[in-house]
Amino acid sequence: MRSLTLSTLFVYFTSVSCVNFPFESITLKEEDTKAFPAIAFGDKSASKYEKAACKTQPGTSEWPVDDEWAKFNASLGGVLLKPAPPAIVCYPGPLQNTDQCNYLLKNASSTRFYINDPVTVLTEWTEGDTCYATAAPTTNCTQGGFPSYVVNATTVKQIQIAVNFARNKNIRLIVKNTGHDFNGRSSGASSISVWTHYLKSFEFLPEYKQGEYKGLAARVGSGLEAWELYHYMDVNNMTVVVPGGSTVGAYGGWMAGGGHSILSSTYGLGSDQPLSLQVVTADGRFITADTDTNEDLYHALRGGGPGSYGIVTSAVVKAYPAMQVTQSTLDFSGGLHPVMNGTLSSGVPFSYSPDSHGVVQDNEIFWKGVNEFFFFGKKVVDVGGTTYNYVFPAGEDSYSFTTTFQFPGKTIQESFDFVQPLFTSLNAMGINVTNKMPTISPSWGSSRQGAGDSPGNSRFTTRLFPYKNWENLTSYDQTMAAIRSTVEEGKYTFHGIHVRPTQKVAGYPGKDAVNPAFREAIMHADLFDSVNMRSLSSQEAKDTHTRLDSFMEKIRVATPGSGAYVNEADVQEPNFQQSFWGDKYAGLLKIKKERDPYDVFWSPATVGSEGWEVKTVDGLPTQNGPLCRVAK
């Protein structure tokens, strides 16, 4: 037998070990479970909860007693948290603290408080809105849809133990990183939450080979946020694809749902980037998923929806040469009394200066200009660019429009020259706007340092607009008429993102689970409702949603056969299976059933979710209630 050199041994070890980082080398072994069978690995034949009507609830005989929770915590190494909602400090009781409450009301939104909190999600109504910051509480603070326990995971072993304990005890399991969650997928009453926030390891790989891929790559922990990855891009003089929101975690739920960004028309979606994934599965095992191993999971985890198939701990992702992104801006208003500054219903502040902002009194000219811009978006995506635009009511029979153009790889002069024809066309219509010299994009880079996010409390719905609608003037006019109706008649804010993440742009490895409608899209857009859910009764909330959906239906009619982006969508999206995944849904459901026969992983409006429902007292689609099987 030929002897093995040290270098050969290292290559052998790294090729067979499911490890990107040291925290992944700490794993659960069979012998670790002997003294505490509640954390044993999954065995489908031994599941006594297979037919349980609901997930286990506190106060029932099945809910673990204090001694079991203590053993669970000991097995985790003491990282089990039992956090109260952060706003409990505003309510009468032993935890009331006026200074801390004032901090939440006045200072927390400009810090990392909410991003670093173990239970906060950034959409309050989905939790049930049971404990919100207020200087004058009129109700009690309750745990509601916040988890009962949180595992502050810093090793794979802790995640495995959490999955096994939740499965074996039939307790609802949820996953959370930063809390950028619009549908309640990181909330859940009486649940155990796996908090992946501190899985923040990184390694740049100047040379990497995987299947047909050979080039730059990076190892990334699933807890890394966009702003943190920008820092590593600067240090290593390279680029990786990251979310547009600086505090959004990149290679967890964002990637699992698809994940659009400034670079989507250039390098594809977030789900197009992983070459390899490290995953804890529903049976508690830790595995690698790539083009050669566990190919079904590798397919499903790249676009098949968040919180459904396993918990990703790290990934190896494609990297690219360092890139500059330039930004141009455009804004104008129509009507007699346009508002020049304020906050959009999406929470985005806006402010216009008279020297840069075109105002026309004739709304027909305003909408003609809006149509011209949206049609120009076809040219933008065709050269790899993106726009982020808003059209919104801005006073009595007045409307405003604002956008940024993002151009990866273009110089400032190239960006200026590219958008000039649009400004010339708008000027010819009577819209007096000036093409100012572009800048280096403030949306691309680490300048924000991850601060400044806070919870919101309104609803929205979304749609993917087909590229083909821009190739047929009749279809385009019908599309724009639907958009205009949502703003003029509906009084909603329309937020469009021109983006074209085609399969050609995405490149290797392909064979992903991304919504086919995304590959054929020219724009992803949100329709924001400005109504604060907290001010509504349950019936008013239902009526408000019905109205919102009726206006989105006008857009659906104008975009037949398309769908919506699962990460930014209405949790009550009609026929979500087709809308989020098209003809890929049946295959994904098969993978879900094979990989998670225990129904450990459940999130609303995801693959396989139709077999379960949250029983809420008020009938609203929140996570404030027990998770139970749907009666057949």
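Start with the cysteines: a search of the whole structure finds 3 disulfides, a disulfide being a pair of cysteine sulfur atoms within 2.5 Å. Before you click, note that this is a predicted model, in which local features need pLDDT of at least 70 and side-chain atom pairs count only at pLDDT 80 or more, while totals for chains, interfaces and linings use all residues. Residues are numbered from 1 along each chain as its sequence is written, and side-chain values use heavy atoms, with hydrogens and water left out.

**Stop 1: the disulfides**

Select Cys54 and Cys628, whose sulfur atoms are 2.0 Å apart in a disulfide. The torsion about their S-S bond is about 100°, so this disulfide is right-handed. Distant parts of the chain are linked here, 574 residues apart: Cys54 sits in the loop between helix H1 (6-16) and helix H2 (66-75), and Cys628 in strand S23 (residues 627-629). Helices (H or I, at least four residues) and strands (E, at least two) are DSSP runs, numbered from the N terminus.

The terms follow relative accessible area: buried is under 20%, exposed over 50%, and partly exposed in between (1.4 Å probe, protein chains only).

Next, select Cys90 and Cys101, joined by a disulfide with an S to S distance of 2.1 Å. Cys90 lies in the loop between strand S1 (80-81) and helix H3 (98-106), and Cys101 is in helix H3, 11 residues apart. With 105° about the S-S bond, the link of Cys90 and Cys101 is right-handed. Cys90 counts as buried at 4% relative accessibility, and Cys101 is buried with a relative accessible area of 6%.

Now move to Cys131 and Cys141, which form a disulfide with their sulfur atoms 2.1 Å apart. Which hand does this one have? The torsion about the S-S bond is about -95°, so the disulfide of Cys131 and Cys141 is left-handed. Cys131 and Cys141 are 10 residues apart, in the loop between helix H4 (124-127) and strand S2 (149-152). Both Cys131 and Cys141 are buried.

Counting bonded cysteines along the chain, the disulfides follow the pattern 1-6, 2-3, 4-5.

**Stop 2: an open sheet**

Show the cartoon and find the 5 strands that form an open sheet in the order S5-S6-S10-S8-S9, with antiparallel pairing. Two strands pair if DSSP finds at least two bridges between them. Strand S5 (202-210) and strand S9 (286-290) stand at the edges with a single partner strand each, so one side of each has no neighbour in the sheet. On average, neighbouring strands of this sheet are turned by 30° against each other, direction ignored.

S5 and strand S6 (residues 213-221) pair over 7 bridges in the antiparallel sense, and Leu205 stands opposite Ala217 in S6. In the hairpin of S5 and S6, with 2 residues between the strands, Gly211 takes a positive phi near 60°. S6 is then joined to strand S10 (residues 310-318) by 5 bridges, again antiparallel; here Ala218 stands opposite Val317 in S10.

**Stop 3: the nonpolar cores**

Select Val220, Leu229 and Val240, the residues with the most contacts inside the largest nonpolar core, which has 66 residues. A nonpolar core is a set of buried Ala, Val, Leu, Ile, Met, Phe, Trp, Tyr and Cys residues joined through side-chain atoms within 4.5 Å. Which residues does Leu229 touch? Leaving out residues up to four places away in sequence, Leu229 touches Phe202, Val220, Leu224, Val240, Val242 and Ala250, contact meaning heavy atoms within 4.5 Å. Apart from this core lies another, of 43 residues, among them Phe332, Val380, Ile431 and Ala482.

**Stop 4: a helix pair**

Finish with helix H12 (residues 473-488) and helix H15 (residues 538-558), whose axes come within 9 Å and cross at roughly 175°. Axes are lines fitted to C-alpha atoms, for helices over the stretch in contact, and angles run from 0 to 180 degrees between N-to-C directions. H12 and H15 are therefore roughly antiparallel to each other, the term for angles over 145 degrees. Display Gln478, Thr479, Ala482, Ser485 and Thr486 in H12, which meet Phe551, Lys554, Ile555 and Ala558 in H15.

Terms used:
Angles under 35 degrees count as roughly parallel, over 145 as roughly antiparallel, 65 to 115 as roughly perpendicular and the rest as oblique.
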